[in-house]
Amino acid sequence: MTTMTSAEIRQKFLEYFERNGHTIVASSSLIPANDPTLLFTNAGMVQFKDAFLGLEKRDYKRATTAQKCMRVAGKHNDLENVGPSPRHHTFFEMLGNFSLGDYFKKDAIRFAYDLLVNEFGIDPNRLYYTVHTDDDEAFDIWTKEMGISPDRVYRMGDKTNFWQMADVGPCGPTSEIHYDWGEDACTCGDPNCSVLLDNGCDRWLEIWNLVFMQFNQDESGNRDPLPAPGVDTGMGLERIVSVIQNKRANYETDLFTPILKRTQELLGDTDEQAAEKYIAYRVIADHGRAITFMVGDGVMPGNEGREYVLRLILRRAARYGRIAGFTEPFLAKIAETVIEEMGGHYTELVARRQFILNVIQQEEERFLKTFAHGLDLLKELVETLKAAGKTEIPGSEVFKLHATYGFPFHLTRDIAAEEYGFTVDETGFRQEMQRHSEISGGGAFKKIDEATLSVYAALLDDLKAAGTVPEHDPYQGTENTTTVLAILQDGQRVETVGEGLEVEMVLANTPFYVESGGQVSDTGIIRGDGWEMAVTNVRKPVTGLVVHTGQITRGTAHSGDAVSAEVDAERRLNIMRNHTATHLLQAHLQRVLGKHVAQAGSLVAPDRLRFDFSHPDPMTAEEIQAVEAGVNADILADYPVNVAFQNYKDAVASGAMALFGEKYGDVVRVITVDGNVSRELCGGTHVQHTGQIGAFIITSEGSVAAGVRRIEAVTGPAALAHIQAERAELHRVAAKLGVKPTETAARVESLLAQLHDREKEIKTLKRKLARADFERHLQQVKSVDGVSVLAAEVTVDDTALLREMGDWFRDKLGSGVIVLGTVLNEKPSFIAIVTDDLVKKGLHAGKLVKAVAQIVGGGGGGRPNMAQAGGKNPAKLPEALATVEKLVGEQVG
């Protein structure tokens, strides 16, 4: 077996299948574009799901991919095993070949064997095979046609050798190929050790799974043969590389060794030290790859869904970094190595390099700010629970650490187990998360109604069979004459529909734009003979079928009617203004801020535009002004806006910007603004000249997530309305101030200066009053077992002055305990101070103030010599202060 690099193995796989009639299809994003039920793409077949279901038609019937995958949630949750296990990962690459109704079992098995044995040079005596118990066809292909000895082909049941997408839908038997590492690799100790035992023994490594999509399962569990069976295969790149490079641990292959080496260089560890920390090193390597690819595909850190997963993995890596010896943020440096090693094939990593590094750096820095304090709180919590004889952290406390200090559940669980031997209440935590989600309006990923989709797919097939393929062209005007091909009501096809009813309508040819690329759908009217339909939305439930949604406002509509389809032209024009302005905005953001700026999301609506982009810092007023001025200069120049169709690779090579994560075909639409202003791949509608935009006004700039900024802006009539409203407000304020509009700023500055002077005078007076209060309370000092104690309610309006009064008392007494209470914003607040000589005798300000605050329904704590606390019930403030002497006596005793 010839040793190859991982890059060579990946390329050899793809080229082998290309030679055998397969189209090499680029990896889809980790964010599934066609399945909102998934957090992440977790298998190679995800991007082909609609094709297998018959909802999408491809230009090819054979495909091969190297697919980016994540498995961190649900039944594929490998997170806990990452590090200790030699082959578990969060991020991995899935090599696959797919037959979309073309070849079946015979060719799938032949391809797999030929590639492994004849191309990769794997010893056939090391390979063992499994088939489904009832799959005689696959068994015979392996044994009779491929010549494999029957004692090397095992029949196994549904658990290991049957695949189904869901309870209803495509399914079928599988055939697995396993590699035998040899008897010395056995970890089960069974004298009859074999793949058939399925006991997790390390001797056997599953390297390839061939899925034969042969049946369609109905709700009753009946399986009928599919009219066009397909093949979906998956081989983990990490696993096949370990076999070819003869490394029993994936982390010893060249997919990971450069990252491990970089980690060692950054830490300055010897080989022996690195070996002792192998779990931390592996976690950093695996998680470093995962977070680099996730951010590269547009996932941002957050507290819900895939954003939470990114935050979880990044913070788990950061924590293991601290265990390994890192004291400063380091993950961006690990990401640099990932980009260097994998950017050759996954070029999006190189294109978004700075964005990736910025997001990772900022998220790690944010975590480290609260990490130490969170650890202290967890330690204090564990000590309290341990004193009460408990060994489980309540779910409410785990959620508090998550929500307040950024500790993901898995991180708290790991620390609790590894450092304290505690468990956590996962059920209680999930309940708290659910309650928080309901309160905040959060939600889960929506389930796709496959039955509903199949209605549209069947409709499209019927229309095609009748020779009436629907056409869609939103670029040649806003009105056309066409025919009603179909009417649907409540998911059912009907022939007629009357006034006042909600309906869906399919036309032979429509000019309505369907929401895509951030641009909203058109609205308008469909007019028939004696009837009208107000179109409120347009969508494309399956590829090739545009559905108009709305209400019949007059008359009765019939399938087959001749109609006029009329887009709301004024609304469309405003959308076009905003879309072209979005292109100009991105161009000038790159000119002003730098080439690292990349689109991270957008909304193009008739009344406004919204543009999210990668940038680490808030924009300055000067930067915002420069961008706005640049866009308006392009508008005044009245540049032509040109549309052309090009081959995708040629368009990108010529400098056209492509939005990463979007699906592009071989031929793409390129929008160019003359004057070397902008060139982008875009399927949206645009003005013909920039002058049609009218004006461009930025209305806001702010943060969306770590490393992502958001600009909102208006153009055309909305920009004019915005200018007029601000101008009117300026005149109103100027009139109130009794000055000309041009003198408003100077007058406001003068008033602010006067206000500042008055505030200084007030602050000085308040301090004098507090000083007088201080002198009065000095007469109330008591002696408790030889300790001077002062507990007093004072009148202040900020915590800074409360702390200063505490310092006055401490300096005056020299030795003693001071507890001051006041009401701030209708809530009780306390400060406790214990002088250093009494701290040495065991008195503790934090414990004292915590006990005092409990009486007013609050809590707090702090250092032995100074601590603060708050509460809820101001009426009990005197009662709380009255307990101080007793509490001090208990501490002294």
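Me: Is valine 739 buried, partly exposed or exposed?
Reply: Buried stands for under 20% relative accessible area, exposed for over 50%, and partly exposed for what lies in between, with a 1.4 Å probe and protein chains only. Valine 739 has a relative accessible area of 22%, so it is partly exposed.

Me: What kind of model are we looking at?
Reply: Residues are numbered from 1 along each chain as its sequence is written, and side-chain values use heavy atoms, without hydrogens or water. Local features need pLDDT of at least 70 and side-chain atom pairs pLDDT 80 or more, while totals for chains, interfaces and linings use all residues, since the model is predicted.

Me: Where does valine 739 lie, and which residues does it contact beyond its neighbours within four places in sequence?
Reply: Helices (DSSP H or I runs of at least four residues) and strands (E runs of at least two) are numbered from the N terminus. Valine 739 sits in the loop between helix H21 (716-737) and helix H22 (744-777). With contact meaning heavy atoms within 4.5 Å, and neighbours within four places left aside, its partners are Ala734, Thr744 and Arg747.

Me: How far is valine 739 from aspartate 269 in space?
Reply: In sequence, these two residues are 470 residues apart. From C-alpha to C-alpha, the distance between them is 70 Å.

Me: Is arginine 87 buried or exposed?
Reply: Arginine 87 also belongs to a loop, between strand E2 (62-70) and strand E3 (91-99). Beyond four places in sequence, arginine 87 has contacts that include Trp181, Asp202 and Arg239. Its relative accessible area is 14%, so arginine 87 is buried.

Me: How is H7 oriented relative to H9?
Reply: Axes are lines fitted to C-alpha atoms, for helices over the stretch in contact, and angles between N-to-C directions run from 0 to 180 degrees. Helix H7 (residues 257-267) and helix H9 (residues 278-296) have axes that come within 9 Å and cross at roughly 120 degrees. Angles under 35 degrees count as roughly parallel, over 145 as roughly antiparallel, 65 to 115 as roughly perpendicular and the rest as oblique. H7 and H9 are therefore oblique.

Me: Is the crossing of H7 and H9 left-handed or right-handed?
Reply: A crossing is left-handed if the near helix is turned anticlockwise from the far one by less than a right angle, and right-handed if clockwise. Residues that meet here include Ile259 and Leu260 in H7, with Tyr281 and Ile284 in H9. The crossing of H7 and H9 is right-handed.

Me: How is H7 oriented relative to helix H11?
Reply: H7 and helix H11 (residues 331-342) pack with axes 10 Å apart, at an angle of about 150 degrees. H7 is therefore, relative to H11, roughly antiparallel.

Me: How many of the 19 residues of H9 are buried?
Reply: The end C-alpha atoms of H9 are 27 Å apart, in agreement with the 27 Å its 19 residues should span at 1.5 Å a residue; the expected span is 1.5 Å times one less than the number of residues. H9 is largely enclosed by the rest of the structure, because its buried residues number 17.

Me: What share of the chain counts as buried?
Reply: The chain has 27 helices and 35 strands, and its C-alpha atoms fill a box of roughly 100 × 85 × 50 Å along the principal axes. Of its 893 residues, the share that counts as buried is 49%.
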